[in-house]
Amino acid sequence: MALAEIRALTKSFKKGGETVVPLDGVDLDIEKGDFISMMGPSGTGKSTLLNAVAGIDRPDSGTITVGGTEVTKLSRSKLADWRAEHLGYIFQTHNLVPVLTAYENIELPTLLVSMSKAERRERVELALEAVSLTDRADHYPRQLSGGQEQRVGIARAIVMNPTLVVGDEPTGSLDAATSVQIQELLVRLNEELGMTILMVTHDAEVANLATRRLRLEGGKLIELNGRAANTGNGRKAITAG
Amino acid sequence: MFSFAPYVVKGLWRHGMRTFLTAGGAAVALFVFCFVGAVQEGLERLTSGGDADRTLIVFQENRFCPTSSRLPQDYADTIRKVPGVKDVMPVQVWTNNCRASLDIVVFNGASPAQLRKNRGLMLTAGDWSTFESRHDSALIGANLARRRRLAVGDTFSIGDLSTQVAGVFESPVAAEENLAYTSLEFLQYTRGLDAAGLVTMHEAYLDENADPDTVAKAIDETLAAGPVATTTRRKGAFQASTLSDLVDLIGFAHWLGYACVGLVLTLVATTTVMAVQDRVKEHAVLQTIGVRPGRVFRLVVSESLLICLAGGVVGTLVALAVLAWGGLAVGAEGVTIAFQPSVSLGLTGIVIAALTGLLAGIIPAWHASRTNIVLALNQA
Ligand SMILES: Nc1ncnc2c1ncn2[C@@H]1O[C@H](COP(=O)(O)OP(=O)(O)OP(=O)(O)O)[C@@H](O)[C@H]1O
Ligand SMILES: [Mg+2]
């Protein structure tokens with residue numbers, strides 16, 4: 001069984017008189033260690049799909065099962081608990097809480113799950129280290145650069161070592177140089193920490209980092225060849241093991 | 001629950017000025033609320049309780065101001081013989097002001113021995129023997145002493161009346177602490193009063209099982225044959241009717257107290273609504289991270305609760321302090337209402353502040369917890 005199974009997912013919106021159908025029976029299996037990028041024209045429904053997988057939006061029909069839990073069945077509160085433990089969300093803009101320091105922002109998800117103070121501390125420090133911001137722990141978001149803010153946002157997404165990390169255009173609002181930093185970081189999370197990532201992007205270069213590349217069009221997903229398949233370097237096997 | 005305390009506190013701090021002003025508003029309103037409450041408590045104390053129910057006041061019929069009631073002093077002997085009456089104390093009342101006033105000074109002249117026996121005064125300074133032996137000496141209530149800054153040995157003059165303070169007393173009846181006691185003769189012979197052989201009223205103390213209203217009726221009937229007709233009532237009823245204008249006013253003032261609570265409610269609710277609107281996206285981010293809707297609700301409510309409670313506690317404490325040290329009283333026609341702090345008043349103030357804070361947060365908190373996460377995240 002795949003880590004995540006998406007079956008016959010549909011979602012439509014009524015817009016004035018007409019109905020938009022961004023998801024029209026989407027099927028997808030995500031394996032542990034996958035680094036998936038999703039592209040597609042603007043307005044096709046990439047964010048809609050991602051948000052459904054993240055459990056912050058509900059599909060009209062179909063099921064999403066992650067790690068054996070059918071998230072489409074959970075109540076609002078249970079869904080929140082599930083996200084706290086199993087999901088990391090990387091936003092396009094960092095969305096940090098401005099009154100909390102980098103450390104405190106990263107600590108937030110750990111406050112939702114019962115654990116010792118020491119463990120909490122250790123997790124936050126590991127996450128800070130993973131995004132190379134240990135020396136900025138006590139800085140407030142306004143004291144950080146855009147790239148640093150985004151890295152804090154990523155640290156917050158991975159601090160609970162989630163089952164699945166999703167990102168909606170995580171490099172979408174960064175300049176080219178900063179974007180490269182974040183790209184390298186994402187690859188490192190996948191390769192070194194074995195994180196499973198599902199990411200929406202408009203940038204073909206970013207999409208090419210992924211081990212699997214998807215395209216959403218006409219309400220359906222089309223699988224393209226990922227980098228691993230292209231280069232045949234066995235990268236997927238390494239991360240999966 | 002408390003793991004998010006830094007988030008709440010820092011959130012309030014982020015809009016320091018707004019938080020401060022709102023808490024300030026809550027403080028002012030709770031100050032007024034407690035003040036109004038103290039006036040009401042004072043009035044209640046005056047018209048209920050043992051002293052108010054078991055003491056009768058014999059006054060000249062159809063007279064209200066102490067300067068206009070004149071009864072023969074020897075009525076005391078007649079009243080004493082009425083069944084159910086244990087003791088009678090003739091009292092001469094003198095006041096600097098017959099109208100409603102915040103700085104009323106009321107002298108009661110009576111026999112020192114009877115005062116000592118009947119009024120349950122506790123001297124905190126000075127002594128009884130000076131008061132009993134010195135003709136122009138006075139015992140003054142603790143509240144009056146505070147208000148007028150008087151100590152033992154000071155001379156205290158109002159108009160033609162000049163006395164020397166022989167002692168300061170506390171009384172189980174709060175309103176008494178606004179009085180000054182002198183000997184009966186001293187007040188009777190004060191220039192301008194010209195009341196030799198006359199007194200303002202008689203205070204009748206009842207036997208254990210005597211029914212106050214029956215005795216009151218008996219007294220009036222007995223004295224109907226004398227030169228001056230009388231009206232006898234329980235002390236509580238007498239004071240309530242003497243203060244009837246003020247009682248109406250105070251009854252109205254308690255609406256003022258409620259209005260203050262309503263004001264705090266809208267003020268804190270407005271601030272909380274603003275704080276929530278500012279943070280629609282932030283709350284959506286928190287929920288995306290895994291914060292439950294219920295917790296978002298509690299976070300918002302705790303903000304409004306904290307603001308309201310902080311302001312309310314300050315306002316209540318300041319009100320209690322002013323009541324304790326101000327020695328304030330309102331009075332009319334020789335009867336005074338003491339404004340006093342009390343534990344129940346303080347607790348009421350704080351509980352009201354807490355409830356208001358909770359109530360003010362409920363609607364914004366509900367909105368914050370129920371918003372559509374995706375739509376909120378897409379906000380600029
Ligand atoms: N709450 C909503 N109400 C109505 N229509 C919606 C709503 N959310 C999304 N849509 C519509 O659904 C379609 C898919 O939206 P979605 O945001 O998923 O697109 P996208 O692929 O992420 O686009 P982009 O690349 O521009 O981010 C769009 O046509 C959008 O207008
Ligand atoms: Mg999108």
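How much area do chain B and chain A bury between them? In this predicted model, the two chains bury about 2200 Å². Carbon and sulfur atoms account for 63% of that area. On the side of chain B, the residues that lose the most area to chain A are B:Lys10, B:Thr288 and B:Ile289. Together they make up 27% of what that side buries. The contact draws 24 residues from chain B. Chain A contributes 25 residues.

Polar and charged pairs also occur across this interface. Between chain B and chain A, 8 residue pairs are in polar contact, with both residues at pLDDT 80 or more. The interface also holds 2 salt bridges. B:Arg292 forms a salt bridge with A:Asp81. In this pair, the closest N and O atoms are 2.4 Å apart.

Several helices of chain B build the side that touches chain A. At least two residues each come from α1 (5–14), α12 (280–289), α13 (293–326), α14 (343–370) and α15 (373–377). Of the elements of chain B, α12(B) gives the most to this side, with 7 residues.

A separate feature concerns the surface of chain B. B:Met17, B:Phe20 and B:Leu21 make a nonpolar surface patch of about 390 Å². B:Met17 lies in helix α2 of chain B, which covers residues 16–47. Is B:Met17 buried or exposed? B:Met17 counts as exposed because its relative accessibility is 59%, and the cut-off for exposed is over 50%.

Key
Residues numbered from 1 in each chain as written. Chains lettered and ligands numbered in written order. Predicted model: local features only at pLDDT ≥ 70, side-chain atom pairs only at ≥ 80, totals over all residues. Heavy atoms only, no water. Patch = residues over 30% accessible without salt bridge, like charges linked within 9 Å, V, L, I, M, F, W, Y side chains within 5 Å. Areas by Shrake-Rupley, 256 points an atom, 1.4 Å probe, with all protein chains shown as cover. Salt bridge = Lys/Arg side-chain N within 4 Å of Asp/Glu carboxyl O. Helix = DSSP H or I, 4+ residues; strand = E, 2+ residues; numbered from the N terminus. Buried < 20%, exposed > 50% of the residue type's maximum accessible area, 1.4 Å probe, protein only. Contact = heavy atoms within 4.5 Å. Buried area = accessible area lost by both parts, 1.4 Å probe. Polar contact = N/O pair within 3.5 Å; in protein donor to acceptor, adjacent residues only side chain to side chain.
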